[in-house]
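Open the model in a viewer and keep the sequence panel beside it. The stops below say what to select and what is there.

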Amino acid sequence: MGFRIMTGVIAHKARGCETVEIRVRGTVQGVGFRPNVWRIARELNLCGTVCNDNAGVLIKVSATSKEIAKFVKQLRKDVPPLAHIEQIEINPVDPLPDVEEFQILESLAGSTRTRVSADAATCPACKEEALDPFGRRYRYPFTNCTHCGPRFSIIETVPYDRASTTMAKFLMCPDCAKEYVDPQDRRFHAQPIACHACGPKAWLERLDGAATSFDQHSMLDDVDAISGLLQKGEIVAIRALGGFHLACDAQNEEAVMRLRERKHRYAKPFALMARDLDVIRQYCSVSEREQELLESPESPIVLLQASGDKNLPDVVAQGMNTLGFMLPTMPMHDLILRRIKRPIVMTSGNLSDEPQVTSIEDARSRLKDIADYVLFHDRDIANRIDDSVVRVMGGKPRILRRARGYAPGALPLPIGFEKAPDLLAYGGELKSTFCLLKDGAAILSQHQGDLEHPATYDDYLKNLALYKKLYDHEPKLLVADKHPEYLSTKLAQSDATSGHLPLTAVQHHHAHIASCMAENGIELDTEPVLGVALDGLGFGDDGTIWGGEFLLADYRGYDRLATFKPIAMLGGAKAIRQPWRNTYAHLMSEIGWPQFAMNFSQLEIFTYLDAKPRETLDQMLIKGVNSPLASSCGRLFDAVAAAIGVCRGEAQYEGQGAIELEALVDEKQLREEDDALGYPFAIPKLNGDGLPYIEPIAMWQALLGDLHMGAARSVMATRFHKGLAKIIAIMVKRLVDAQDRSGVDIDTVALSGGCFQNKVLLEQVIERLEVHKLKVITQARVPANDGGLALGQAAIAAARYISNQNGSGGN
């Protein structure tokens with residue numbers, strides 16, 4: 001396992017070498033880091049040791065100071081593909097016992113301070129092996145090495161050794177064991193290492209309990225049988241890395257409709273998988289950056305422009321101009337798709353809105369009414385993790401859902417947060433995540449979903465316990481959203497009481513802006529930024545619902561400088577599910593029914609709204625019954641979408657109206673049509689506090705006029721987006737100028753909130769702000785939606801804690 005350099009040891013002693021301990025922190029376990037250290041040490045003719053412990057990787061080496069410096073420089077430069085070094089510390093220690101080689105030692109126990117690696121898609125070398133008919137891993141669906149394969153999905157505790165994973169029950173055969181102990185082999189200490197002889201097995205079952213065998217569907221094996229079943233129009237469940245998928249032939253409209261009915265997912269676009277880029281390019285354009293994402297170790301679902309020569313049935317992604325594609329993430333997928341030259345639907349294995357199924361027992365009970373067949377395997381999934389979703393916007397890959405491949409990767413905190421306490425931030429209610437702060441880094445959990453669903457909430461609790469265990473985390477401080485009815489807030493309150501811990505409440509939109517600041521490395525003690533937070537809703541400091549906010553913010557606090565016009569959410573939460581309610585509330589607030597009827601009674605939207613119980617609705621508006629005011633950009637999108645006939649009655653998934661409205665935008669018109677034709681907005685001031693707000697009355701008059709003239713939906717969608725981006729930029733410029741006049745110099749604008757996952761809006765706002773020489777920071781590694789809230793909550797609470805410790809107070 002080592003190499004002998006006896007003459008080197010003697011030479012070192014003669015030259016008076018020094019002995020140092022090199023501590024490497026970051027994502028350095030389970031990624032081939034130790035054999036890489038061993039290789040570098042051998043090349044430099046050094047002696048010493050390297051091992052994993054609960055703080056990362058620990059190296060001890062005896063050499064001259066010049067040789068040590070060269071060694072450390074090479075460590076930083078030559079990093080394995082999945083590794084990420086956050087910090088290297090060098091300290092002198094007592095001389096090593098006489099050693100004649102550089103050795104890789106067994107892992108040491110201790111308090112956990114290392115990072116857990118994310119799962120990685122199959123590397124090219126392993127894919128080639130699985131498809132090589134002359135290799136011993138030919139058609140082995142679980143082929144992996146230190147550069148790819150399961151990590152987070154199989155780990156049960158740290159340090160990351162085989163005994164700490166769900167691979168512990170599989171004893172290595174002699175061939176695998178030989179690879180495992182050879183530092184020159186790419187499978188050296190690859191914990192999930194396996195082969196046909198000793199590793200996990202895959203097998204086919206019918207979910208109705210009837211007997212079946214692969215030879216009814218394939219000449220090869222159970223995995224290939226799935227390929228045959230998909231091409232016959234069957235719906236199959238497949239146990240993958242972080243949970244089960246449901247799959248069918250994406251070209252088979254009847255099969256896709258059957259899957260929608262059975263899964264109760266009636267409208268939300270399905271994710272797709274294709275065997276290679278050539279298949280994807282038949283349906284979508286793929287840029288160089290998008291290709292890099294598709295082929296990356298993270299292998300996310302990438303949203304691509306659906307502009308290929310071929311089309312999929314509308315039922316795959318109805319109302320969309322994009323398709324979400326991913327490439328195979330494990331050899332099993334490569335083997336299934338090898339004979340399939342078209343896309344397959346590859347969606348999460350669950351009923352709509354439920355957590356993804358992970359266990360064999362659950363699959364047999366929960367998926368039996370959805371899938372006809374299932375491909376099981378016996379490598380247990382310790383941690384559920386969904387597929388990540390990424391979209392290239394404004395020239396950057398931006399994570400919309402952070403899960404497989406990215407979580408639980410840590411994010412270093414900016415300068416000034418060195419004394420941040422260990423804390424736990426509970427996140428929001430939708431697209432929930434939580435965040436641990438430990439050792440100067442933020443550990444953001446994977447996407448978990450809507451906490452209002454009991455199964456998702458149970459999963460959230462399970463993951464909280466898991467992360468505390470994996471990171472040996474004992475928080476000194478808890479953080480939650482200010483919304484009193486969020487389940488995450490109620491849990492934080494309960495945990496604070498039972499654990500006798502302080503609890504910090506953080507305003508929703510302040511958390512959005514702080515998340516953006518932290519991701520972009522904005523230092524703790526810095527001048528405030530102008531934050532623009534646009535989303536569906538969040539609990540405001542005044543007890544009303546906010547959702548279109550312009551904040552002068554740093555980490556410790558903020559001032560609300562401007563907002564969107566507060567409009568009633570008619571029926572409360574019903575306004576989220578039934579977009580027409582927002583249209584009605586906006587029209588009644590802006591022009592009233594008499595004027596609407598006098599000028600626009602011939603419109604289809606008039607007939608639609610006139611058929612509603614208007615007397616009841618008007619009384620709700622007048623008396624404020626179940627109609628809270630909301631300055632929500634998201635509800636404005638819903639209102640406009642419903643007005644032009646997009647997602648009017650019932651939204652089948654969150655944000656459907658806004659998403660389909662964006663899909664209607666005509667890029668050519670957006671670029672070439674006169675800016676003046678963008679729908680106009682105004683900026684008056686609210687009665688009472690004099691807060692500037694975005695007033696949409698002129699927009700509604702222009703939009704209704706276009707409806708009267710029979711304008712195409714694409715024309716109206718484009719003009720709305722252009723007009724909205726224009727008024728946001730105008731508002732920002734006015735606020736920056738006003739602050740400048742009062743002596744506050746603002747040069748940075750932070751954009752966050754779910755509405756900025758709209759590609760058209762984000763790019764238009766960035767472009768218009770940069771014209772004014774403003775620095776615009778946005779989110780990319782962390783979702784701009786509520787999936788990024790927990791990071792912002794953690795940063796705010798840490799900043800306030802540090803200020804209090806320093807005696808400088810804080811908001």
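How many salt bridges does a search of the whole structure find? The search finds 47, a salt bridge being a side-chain nitrogen of Lys or Arg within 4 Å of a carboxyl oxygen of Asp or Glu. Side chains of opposite charge can pair when their charged atoms come close.

Before the first stop, some notes on reading. This is a predicted model, in which local features need pLDDT of at least 70 and side-chain atom pairs count only at pLDDT 80 or more, while totals for chains, interfaces and linings use all residues. Residues are numbered from 1 along each chain as its sequence is written, and side-chain values use heavy atoms, with hydrogens and water left out.

**Stop 1: the sheet**

Select residues 18-27, which are β1, and then the strands around β1. Helices (H or I, at least four residues) and strands (E, at least two) are DSSP runs, numbered from the N terminus. Five strands make an open sheet with mixed pairing, in the order β4-β1-β3-β2-β5; two strands pair if DSSP finds at least two bridges between them. The edges are held by β4 (84-92) and β5 (102-104), each with a single partner strand, so one side of each has no neighbour in the sheet. On average, neighbouring strands here are turned by 15 degrees against each other, direction ignored.

Now pick β2 (residues 47-53) and β3 (residues 56-63): these strands run antiparallel and are joined by seven bridges. C47 has S62 in β3 as its bridge partner.

Helix α2 (residues 33-43) lies across β1, β2, β3, β4 and β5, at about 175 degrees to β5. Helix α3 (residues 65-77) lies across β1, β3 and β4, at about 150 degrees to β3. Axes are lines fitted to C-alpha atoms, for helices over the stretch in contact (heavy atoms within 4.5 Å), and angles run from 0 to 180 degrees between N-to-C directions.

**Stop 2: charged pairs**

Select R139 and D221, whose side chains meet in a salt bridge (2.9 Å, N to O). R139 lies in the loop between α4 (124-130) and α5, and D221 in the loop between β6 and α6 (222-231), so the pair ties together parts that are 82 residues apart in sequence. R139 is buried at 7% relative accessibility; buried means under 20% relative accessible area, exposed over 50%, and partly exposed in between (1.4 Å probe, protein chains only). D221, at 19%, is also buried.

Next, select K431 and E654, a salt bridge with its closest N and O atoms 2.4 Å apart. K431 sits in the loop between β17 (423-425) and β18 (435-438), and E654 in the loop between α20 (633-643) and α21 (656-663), 223 residues apart. K431 is partly exposed at 25% relative accessibility.

**Stop 3: the nonpolar cores**

Which residues touch the most other members of the largest nonpolar core? Select F550, F596, F720, L724, I728, L751 and L761, out of 131 residues in that core. A nonpolar core is a set of buried Ala, Val, Leu, Ile, Met, Phe, Trp, Tyr and Cys residues joined through side-chain atoms within 4.5 Å. Helix α24 (residues 713-741) gives the largest share of this core, 12 residues. A second, separate core of 43 residues includes V256, L259, L293 and V316.

**Stop 4: a loop residue**

Finish at D182, in the loop between α5 (174-180) and β6 (202-206). D182 is partly exposed, with a relative accessible area of 30%. Its C-alpha is 8.8 Å from that of P35, although 147 residues separate D182 and P35 in sequence.
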